[in-house]
Amino acid sequence: MRILSSVALHLRAPLWIGVCALSFTPVLPAAGQELSELSLPPNGMNQKAEISQWVGLVKVTITYHSPNVHGVAGRDRTGHIWGELVKYGMFDDGFGPSKAAPWRAGANETTTISFSHTVKIGGKDVPAGTYGLFLEIEPAGPWTWIMSTQTGWGAYQYDSKYDVVRVTASPEPAPYTEFLTYGFDERRIDSAVAFLQWEKQRAAFTINVPDSLQLYVDQMRKDLLGWPGFDYQNWQTAAQFCADNKINLEEALVWADKAISEPFRNAAQGREDFSTLRTKAAVLRAMGRDADADLVMDKAVGMSDAPVMGVHQYATSLITAGKKEQALAMFKLNRQRHPEDMFVTYVGLARGYAAIGDTQNAIANWEIAIKNIPDNQKPNLPTYEQALKALREKGR
């Protein structure tokens with residue numbers, strides 16, 4: 001709290017029924033007139049609070065002072081918060097230049113909300129930065145959240161010309177909450193719902209990050225220019241992310257090639273193996289270049305390090321893509337290459353034969369696989385047995 005010693009008069013702002021109080025110290029000699037700051041308890045004992053939430057790569061922070069229903073004196077104000085303690089509409093609090101101000105959505109200094117990146121609220125872009133957060137409440141009809149480039153003490157200097165966005169909200173009944181509290185619900189990679197909850201009311205607004213995945217791509221691009229770029233696996237991870245999300249595919253193909261060849265000439269080695277080739281194929285497939293992807297995967301499967309599970313997963317993806325005969329051929333190759341594996345390879349053959357409608361061979365391979373099931377797969381035994389049962393019933 002600031003102590004302003006150059007004020008000519010000892011002033012005290014209205015208590016606003018206990019939500020906040022603004023006070024100045026008595027006048028001091030002219031020689032001591034200067035702005036100073038002391039660490040004192042907050043006005044009205046309304047403790048300062050802060051909550052942050054990440055929406056993908058976007059950090060959202062709300063900073064506020066939190067009054068409680070019972071106030072400093074302990075008087076129960078339940079039922080007297082909305083419309084009394086917090087006035088309806090735009091009101092003149094009798095202090096400061098603003099004659100029509102909304103509620104500061106908290107106590108003491110202006111409640112603020114900060115965004116690390118541009119977001120959308122109410123369909124409007126809100127650039128990265130810190131904004132005053134206000135709330136205009138009404139006895140009937142929607143309430144209105146207001147974000148303003150103005151911050152300061154309360155809403156005493158509020159001016160609508162600084163509004164960045166106004167978005168309506170329908171107040172909702174809520175469990176009793178003693179202290180005014182902000183929080184975030186429905187948290188996703190591209191959106192979150194911020195809410196204020198106090199006494200028995202709640203009001204919320206949605207924060208959208210429509211380019212959430214692109215923000216990750218942009219950050220990866222920056223990261224790869226630095227130390228992470230000396231590790232081929234980071235180039236592969238970035239390319240795979242783009243393939244999985246079908247985004248930034250042209251550049252992702254470059255990244256995939258860098259993972260295979262050297263990402264930094266004469267400084268870091270790439271690696272051509274089953275894993276990196278499979279990532280390149282995934283990018284090509286996401287681009288609709290299936291024939292090129294198949295050629296890359298043929299090379300990957302031919303690598304000496306091609307793992308039994310990797311080939312199995314690739315063959316399974318071919319079934320999903322409707323390439324059943326090609327999938328079965330891949331399962332057969334996996335079995336031929338890995339005769340020591342008595343479970344995964346037989347599961348693959350069972351699925352491959354089932355996909356082309358060869359029920360008897362599918363049953364025979366499921367029986368071998370289940371007979372040789374390893375301990376780490378035993379929790380999945382009921383699923384495998386159900387698949388076998390379904391095939392037996394089909395073959396009757």
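In the predicted model, Thr-151 touches Thr-110, Thr-112, Tyr-131 and Gly-132, with residues up to four places away in sequence not counted. Thr-151 itself sits in the loop between strand 9 (143–148) and strand 10 (163–169). Thr-151 is partly exposed, because its relative accessible area of 47% falls between the limits of 20% and 50%. Glu-340 lies 189 residues from Thr-151 along the chain. The C-alpha atoms of these two residues are separated by 70 Å.

The loop between strand 9 and strand 10 also holds Asp-159. Asp-159 is partly exposed, with a relative accessible area of 30%. The C-alpha atom of Asp-159 is separated by 9.9 Å from that of Pro-102. Along the chain, Asp-159 and Pro-102 are 57 residues apart.

Strands of a sheet pair through backbone hydrogen bonds, either parallel or antiparallel.

The pairings can be followed across the sheet. Strand 4 (residues 58–66) and strand 5 (residues 107–115) run antiparallel and are joined by five bridges. His-65 has Ala-107 of strand 5 as its bridge partner. Strand 5 is in turn joined to strand 8 by four bridges, again with antiparallel strands. Here Ser-114 stands opposite Thr-130 of strand 8. Strand 8 (residues 129–136) is mostly covered, with six of its eight residues buried. Five bridges link strand 8 to strand 9, and these two strands run antiparallel. Glu-136 stands opposite Thr-144 of strand 9. Strands 8 and 9 form a hairpin with six residues between them. In its turn, Gly-141 has a positive phi of about 90°.

Positive phi values also occur at residues other than glycine. Glu-186 has a positive phi of about 50° although it is not a glycine. Glu-186 lies in the loop between strand 11 (172–185) and strand 12 (191–208). Asn-248 is another such residue, with phi near 55°. Asn-248 lies in the loop between helix 2 (232–245) and helix 3 (249–260). At 22% relative accessibility, Asn-248 counts as partly exposed.

Two helix pairs were examined. Helix 6 (residues 308–320) packs against helix 7 (residues 324–337) at an angle of about 165°. Their axes are 8 Å apart. The angle makes helix 6 roughly antiparallel to helix 7, because it is over 145 degrees. The crossing of helix 6 with helix 7 is left-handed. Helix 6 contributes Val-308, Val-311, His-312, Tyr-314, Ala-315, Thr-316, Leu-318 and Ile-319 to the contact. Helix 7 contributes Lys-324, Gln-326, Ala-327, Met-330, Phe-331 and Asn-334. By class, this contact has nine nonpolar, four polar and one charged residues.

His-312 of helix 6 is buried, because its relative accessible area of 7% is under 20%. With neighbours within four places in sequence left aside, His-312 is in contact with Phe-331, Asn-334, Val-344, Val-347, Gly-348 and Arg-351. Among these, Phe-331 and Asn-334 are part of the contact of helix 7 with helix 6.

The axes of helix 8 (residues 344–356) and helix 9 (residues 359–371) come within 8 Å. They cross at roughly 160°. Helix 8 is therefore roughly antiparallel to helix 9. This crossing, too, is left-handed. On the side of helix 8, the contact is made by Tyr-346, Val-347, Leu-349, Ala-350, Arg-351, Tyr-353 and Ala-354. On the side of helix 9, it is made by Asn-361, Ala-362, Asn-365, Trp-366, Ile-368 and Ala-369. The residues of this contact divide into ten nonpolar, two polar and one charged. Val-347 and Arg-351, which take part in the contact with helix 9, are also in contact with His-312.

Key:
Residues are numbered from 1 along each chain as its sequence is written. This is a predicted model: local features need pLDDT of at least 70, side-chain atom pairs count only at pLDDT 80 or more; totals for chains, interfaces and linings use all residues. Side-chain values use heavy atoms; hydrogens and water are left out. Axes are lines fitted to C-alpha atoms, for helices over the stretch in contact, and angles run from 0 to 180 degrees between N-to-C directions. Angles under 35 degrees count as roughly parallel, over 145 as roughly antiparallel, 65 to 115 as roughly perpendicular and the rest as oblique. A crossing is left-handed if the near helix is turned anticlockwise from the far one by less than a right angle, and right-handed if clockwise. Contact means heavy atoms within 4.5 Å. Ala, Val, Leu, Ile, Met, Phe, Trp, Tyr, Cys and Pro count as nonpolar, Asp, Glu, Lys and Arg as charged, and the others, Gly among them, as polar. Buried means under 20% relative accessible area, exposed over 50%, partly exposed in between (1.4 Å probe, protein chains only). Two strands pair if DSSP finds at least two bridges between them.
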